[in-house]
Amino acid sequence: MSETPTDSTVLDLFTGIGKIDILVAARGTSGVENSPGNTVTVFSTSAGAEVEVKYTYEHTMAPVPLPAGLPLLAVGIGVLGVIGRWKSAI
């Protein structure tokens, strides 16, 4: 059986640190053998599981925001340039 969960409540279990419980099945049998004067009881238990967890990491780049002061700096440099041209023209 193979399952690919897409529900965020399931996928959140794989984020960060923590513990994940995975259900597996086990089977046990027992038997009793009687003979005159002797009783033999046999218990046999077997269990097994194979679990494979695959991670697919998709990295998306968030756009880097423009610093808030950069447009103000550009305006200030522009104003200084205009003032410099104005003073040199006088």
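Two strands count as paired when DSSP finds at least two bridges between them. The legends below describe a predicted model.

**View 1. The hairpin of S1 and S2.** S1 and S2 form a hairpin, with two residues between the strands. S1 covers residues 26-35. S2 covers residues 38-47. The two strands run antiparallel, and ten bridges join them. In the turn, Gly-37 has a positive phi of about 85°.

View 2. Val-32 has Thr-41 in S2 as its bridge partner. Glu-33 stands opposite Val-40, also a residue of S2. In a regular strand, side chains alternate between the two faces of the sheet.

View 3. S1 has ten residues, and the number buried is zero. Buried here means under 20% relative accessible area. S1 therefore lies largely in the open.

**View 4. Helix H2, residues 69-89.** H2 has 21 residues. From its first C-alpha to its last, the helix reaches 30 Å. That is close to the 30 Å expected at 1.5 Å a residue. The number of buried residues in H2 is zero, so the helix lies largely in the open.

**View 5. The protein chain from end to end.** The secondary structure comes to two helices and two strands. Along the sequence, the pattern reads α-β-β-α. The C-alpha trace spans about 130 × 20 × 15 Å along its principal axes. The radius of gyration of the protein chain is 37 Å. A compact globule of 90 residues would have a value near 12 Å.

**View 6. Surface and charge of the protein chain.** Buried residues make up 0% of the 90 residues. The protein chain exposes about 9100 Å², and carbon and sulfur atoms supply 61% of that area. Its side chains include 5 positive and 8 negative ones. The centres of these two sets lie 26 Å apart.

Methods:
Residues are numbered from 1 along each chain as its sequence is written. This is a predicted model: local features need pLDDT of at least 70, side-chain atom pairs count only at pLDDT 80 or more; totals for chains, interfaces and linings use all residues. Side-chain values use heavy atoms; hydrogens and water are left out. Helices (H or I, at least four residues) and strands (E, at least two) are DSSP runs, numbered from the N terminus. The expected span of a helix is 1.5 Å times one less than its number of residues. Buried means under 20% relative accessible area, exposed over 50%, partly exposed in between (1.4 Å probe, protein chains only). The radius of gyration is taken over C-alpha atoms; the globule rule is 2.2 Å times the number of residues to the power 0.38. Accessible areas come from the Shrake-Rupley method with a 1.4 Å probe; for residues, only the protein chains shown count as cover. Lys and Arg count as positive and Asp and Glu as negative; His and the chain ends are not counted. The place of a charge is taken as NZ of Lys, CZ of Arg, CG of Asp or CD of Glu.
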